[in-house]
Amino acid sequence: MAHLRELDSLKMIERCQVSPPPNCVPSTTLPLTFFDIPWFFCNSIQRIFFYQFPHPTHHFLQTALPILKHSLSLSLQHFFPFASNLIVPPQLHLSHIRYLHGDSLSFTVAESTADFTLLTSHSPQDVRNWHPLLPTLPTPRLEQDGTRVFPLMAIQVTVFPNSGFSICLTFNHFAGDGKSLHHFIKFWASLCKAKGDLASIETSLSLPSHERDKVKDPKGLKFIYFQELEHCDSKIMEFAGLVRDLSTNKVRFNVVLDLEQVEKLKKWVSLKCATNDSGALHISTFVVACSTIWVCKIRSEEEKANCFSQECDELCHLVFPADCRDLPEFSLPSTYFGNCLTFRIVAIRWSELVGKSGIVGAANAIERQVRDLKSDALRNAETLISDCRELTKPGKSVLVIAGSPKLGVYQTDFGWGKPKKCEAVHIESSRSISLSECRDEKGGIEVGLALERTLMNKFTNILQEQLHNINKFFYVFQKHYFDVNHKTPPS
């Protein structure tokens, strides 16, 4: 049944702390780089993995849980920032990440009676279904001198008897970006699969690089960003977030675009761009997925459609992050641990997005931003914080892209096979959609969404109509080509 609310009973089994092995990590201070500072505006990030485990709870507790905890401790020896704290003194520019001997992260084990099959399906379900599975970061503490101390990660493992289990990580983005997070998770997973035997897998696992002094700041952005923060409301330090939507009247669901659909979208957009004399464009899977979902979402928002006039032809914004590690300006190792993301903001008029060529226009605009990134990664970076604050004002149309198919989330195997499902939970409260590779088909893309119930059906219908029209276009195109050339067109 669509929109089903799963009212489960959750039983807490264990609450504990997990730290690196004793005397393995010295007390360490990591400075913040300019890549870290914009995350003062960000809510906690939540990533959940579901795994099949058709055994009773006591079997999980006796066999799986001990190795999960042991391998986590061994992993934190190398990924110690996740067991560390963000230190924010009254002098904001002196903020840093600090690890002290004995620091640890919160680890919770629970049992749930919820329907594992429902929770792991692509079908619509109430966003609140996953809430009992999410760990909460410990409350920040205030020291006598006014310094605030923020824990950076919490983990919850939830067992579904005779069905499976979930691993959910809540973390503060100051610790690292998506690439750093998934580097850690895959390291932990591989170590768990090897029963904690690091020697047997060390040749296949790369260790993180914590050399933050190698991050170049040619524009002095760290100083600029801290200056901006000094003039902001102090509430941002509580990580309340500026882009926040707490509505619970939402359903979570997935759109899966298989390889055939992705290739048709790419070819269709390329043909339309050629017709419009848009020049040589690189139309990637990312470009067509973002443009298609963005346009269908805007078109589904009927309230704006009904009030259209010249005055309400607002700018709509799409914000996407891009990894800078391998760009010439930085040349950081792929194993660099921390934040290394720049952001691109695409702005298009509402009337263009909902028009006949909306997807093509959106694809053009996104592709230009991707291309510009490669030539100047820090273009307009000086105004990033003020730009983001502007976008969070009431009434602004903003869609944020979270995740990436390049992260390979379905390659995270703790020893029980690939995840049954993996998702960025926080999209329900941050005007975001998430992107990942398809679980079962190479070349496809999986899009996670959380929309108001009334919009979900409209969005789905519009998307299906759009995909049907593209299929129809190629049917006519191929028939015409065959009639003229008496052979099928080239692929």
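## Aromatic pairs and strand order

Phe330 is buried, with a relative accessible area of 3%; buried denotes under 20% relative accessible area, exposed over 50% and partly exposed the range in between, with a 1.4 Å probe and protein chains only. The model is predicted, so that local features need a pLDDT of at least 70 and side-chain atom pairs count only at pLDDT 80 or more, while totals for chains, interfaces and linings use all residues. Residues are numbered from 1 along each chain as its sequence is written, and side-chain values use heavy atoms, leaving out hydrogens and water.

The structure contains 28 aromatic pairs. Phe34 and Phe330 make a tilted pair, at 6.3 Å centre to centre and 35° between the planes. Rings of Phe, Tyr and Trp (its six-membered ring) pair if their centres lie within 6.5 Å, and planes under 30 degrees apart count as stacked, over 60 as edge-to-face and the rest as tilted. This pair links distant parts of the chain, 296 residues apart: Phe34 lies in the loop between strands E2 (28-31) and E3 (45-52), and Phe330 in the loop between strands E13 (315-323) and E14 (341-349). Helices (H or I, at least four residues) and strands (E, at least two) are DSSP runs, numbered from the N terminus.

Phe165 and Trp416 form an edge-to-face pair, with 5.4 Å between centres and 85° between the planes. Here too, distant parts of the chain are linked: Phe165 belongs to strand E11 (residues 164-171) and Trp416 to the loop between strands E15 (397-403) and E16 (421-424), 251 residues apart.

| Residue | Relative accessible area | Class |
|---|---|---|
| Phe34 | 4% | buried |
| Phe330 | 3% | buried |
| Phe165 | 0% | buried |
| Trp416 | 24% | partly exposed |

Of the 491 residues of the protein, 53% count as buried. The secondary structure comprises 11 helices and 18 strands. Seven strands form an open sheet with mixed pairing, in the order E7-E12-E18-E17-E15-E13-E14. Strand E7 (125-126) and E14 are its edge strands, each pairing on one side only. Two strands pair if DSSP finds at least two bridges between them. Strands E12 (residues 250-257) and E18 (residues 445-452) run antiparallel and are joined by 8 bridges, with Val251 opposite Leu451 in E18.

As for confidence, the mean pLDDT of the protein is 89, and 88% of its residues reach 70 or more. Residues 234-245 have a pLDDT below 50, yet this stretch has 35 contacts in the model beyond near neighbours in sequence. A contact means heavy atoms within 4.5 Å, and pLDDT is the predictor's confidence in each residue, from 0 to 100.
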